[in-house]
Amino acid sequence: MQRILVTGANKGIGLALVRAILERDDKVFVIVGSRDTARGQAAIDSLVEARPHWAEQLVLLELDVTSTESVENAAAHLRSTFPQERTPLYGIVNNAGIGLGSAQPTPVFEVNVRGVQRVCEAFLPLLDPKEGRIVNITSAAGPKFVSECPEDLRQFLTDDSIQWSSLERFMDEYLDPATGALEGHGLRNSDAYGLSKACANSYTLCLAREHPHLGINACTPGWIDTDLTRYHAEASGKSPTELGMKPASEGTRSALYLLFEALEGNGRYYGSDAVRSPLDAYRAPGDPPFQG
């Protein structure tokens, strides 16, 4: 049985992805990662209410990606849950994220980049070393941000030889209050989301290079109506539908592709239509695949 961990799985795209995975295959087991156990259990209850037989394919895992202790405890708990198996996981989906409405940049990076790294660091030893998949759900805001960067920053964020240590130093520098944080580098706090997703894409490059036998890629779910994006509609006075936002169920296509389909490469970024896209420019759904 394939076991897949989904972080931030109690609502939005995470919950929609859990449902889509279960609908796809009745032999898949999903580990619902949630910071809030009550909300996580409520999400599982809602799924089981719709399909009672899913109760045998779901388990809740308390997991706060901003806490190293929480992530390590969660990995230890998962290992103890399946003591007979050296590598009980087939897939990891790093879905937990915050962003567009956040007032300060540091929490955005703590979840969107360092949270991804914490989860990968702790759970990689539990992942199937030959068939394992990691899907980092990022955003088209990452490539859009990079497309507007100075050339040196663009090269840094798209360097396929990048190391986590250098990426971490870069983030520390850009978030250091002593240097004016983002503003000291000619950026605004509102740029934090796009930069964080660009950094998460860079980390995907790094991780894939270090683990070439695994399938490790990133993707955008698309312009989806979630708690993270809904403030756009509220600020504009329009409905999410009027702004072109799609329901969470339509934000799972790329993640499903990267979890289950045959992959031609590794360390890549995919659009919401499950087509390879560049790290430094926006590619609209339906446009030709990126060939670089």
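## Residue T204

T204 is buried, with a relative accessible area of 1% (buried means under 20% relative accessible area, with a 1.4 Å probe and protein chains only). This residue belongs to helix α9, residues 192-210 (helices are DSSP runs of H or I with at least four residues, numbered from the N terminus). The model is predicted: local features need pLDDT of at least 70 and side-chain atom pairs count only at pLDDT 80 or more, while totals for chains, interfaces and linings use all residues. Residues are numbered from 1 along each chain as its sequence is written, and side-chain values use heavy atoms, with hydrogens and water left out.

Leaving aside residues up to four places away in sequence, T204 touches N136, I216, N217, A218, G267 and R268 (contact means heavy atoms within 4.5 Å). Between T204 and G267 there are 5.6 Å from C-alpha to C-alpha, although they stand 63 residues apart in sequence.

## Helices α1 and α2

Helix α1 (residues 12-24) packs with helix α2 (residues 37-50) at an angle of about 35°, and their axes are 11 Å apart (axes are lines fitted to C-alpha atoms over the stretch in contact, and angles run from 0 to 180 degrees between N-to-C directions). In this contact, L15, V18 and R19 of α1 meet A43, L47 and A50 of α2. The contact residues comprise five nonpolar, no polar and one charged (Ala, Val, Leu, Ile, Met, Phe, Trp, Tyr, Cys and Pro count as nonpolar, Asp, Glu, Lys and Arg as charged, and the others, Gly among them, as polar).

Key: Helix = DSSP H or I, 4+ residues; strand = E, 2+ residues; numbered from the N terminus. Buried < 20%, exposed > 50% of the residue type's maximum accessible area, 1.4 Å probe, protein only.
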